[in-house]
Amino acid sequence: EFSVRDTGIGIPMEQQRDLFSPFSQIHASTARLYGGTGLGLAIVHQLVELMGGSMRVASAVGEGSTFSFSLALVAGSSACPQAVPRSEVVPAPRVGLKLLVVDDNPINRAVMQNFASRLGCAVEFATDGLQAVRFFDADHPLDDSEIPIESPSCGSTANSTFSPDLVFMDVSMPVMNGIEATRRIRALGVTVPIVGLTADITRETREAALESGMNE
């Protein structure tokens, strides 16, 4: 048996049954305050069941939660399979292309930074939708306290020399989500292409994203 315990906000008993449903979060404000998509537990639950195991949760409001699962595992051999070599695909460079990446997850930002560097692109970051809006709003530019650590030049270049050719916008973020941010950016008259990033593939989310002004 494996268990993970946290000291978070806890989960009411009547809402625990929905925990393992895709895109389910306990409160509508959870994504805005803490981030996330509501997919993690659903994926873990499915993986555990595919391996023939079971998953449980014990939680009390204000005290935290304990998630545990049981699996019947067979001891394997000590030999590790050899990695299959893969051909290195070198993408065509896009030197000079300027990207604005809006994402609250530092791992996602690091991945996008790596891709941008390999493609020869310049990249700036915002960590929530409000920062993205203020990046384009000359009347309310970012101040030093709002500049992501990965974007040391963002404060001086936003609204001036750095004019992005393309925006990658996370849909689910704290403070302000990507759909609302896109709506406000379009209201400023900004026409730069905006591509939404999300694990939520429901028709409702796609329609809302396109209606807000996202191009894809």
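Reply: The questions below concern a predicted model.

Me: Why is Leu73 called exposed?
Reply: Exposed requires over 50% relative accessible area. Leu73 has 55% relative accessibility, so the residue counts as exposed. Leu73 is found in the loop between strand S3 (64-70) and strand S4 (98-102).

Me: Which residues form a nonpolar patch on the surface with Leu73?
Reply: Phe2, Ile43, Leu47, Leu50 and Met51 form the patch together with Leu73, and the accessible area of these residues together is about 660 Å². Helix H2 (residues 40-50) gives the most to this patch, with 3 residues.

Me: How do you know on which side of H2 the buried residues lie?
Reply: The buried residues of H2 are Ala42, His45 and Val48. They cover an arc of only 130 degrees around the axis and are therefore on the same side of H2. These buried residues pack against strand S2 (54-60) and S3.

Me: What places the buried residues of H6 relative to one another?
Reply: In helix H6 (residues 178-187), the buried residues are Gly178, Ile179, Ala181, Thr182 and Ile185. Because their arc around the axis is only 160 degrees, they are on the same side of H6. Their packing partners include helix H4 (129-136) and helix H7 (203-212).

Me: What makes Asn177 a cap of H6?
Reply: A polar contact needs N or O atoms within 3.5 Å. A side-chain oxygen of Asn177 lies 3.1 Å from the backbone nitrogen of Ile179, and Asn177 caps the N-terminal end of H6.

Key: Residues numbered from 1 in each chain as written. Predicted model: local features only at pLDDT ≥ 70, side-chain atom pairs only at ≥ 80, totals over all residues. Heavy atoms only, no water. Buried < 20%, exposed > 50% of the residue type's maximum accessible area, 1.4 Å probe, protein only. Helix = DSSP H or I, 4+ residues; strand = E, 2+ residues; numbered from the N terminus. Arc of directions from axis to C-beta. Contact = heavy atoms within 4.5 Å. Polar contact = N/O pair within 3.5 Å; in protein donor to acceptor, adjacent residues only side chain to side chain. Patch = residues over 30% accessible without salt bridge, like charges linked within 9 Å, V, L, I, M, F, W, Y side chains within 5 Å. Areas by Shrake-Rupley, 256 points an atom, 1.4 Å probe, with all protein chains shown as cover. Salt bridge = Lys/Arg side-chain N within 4 Å of Asp/Glu carboxyl O.
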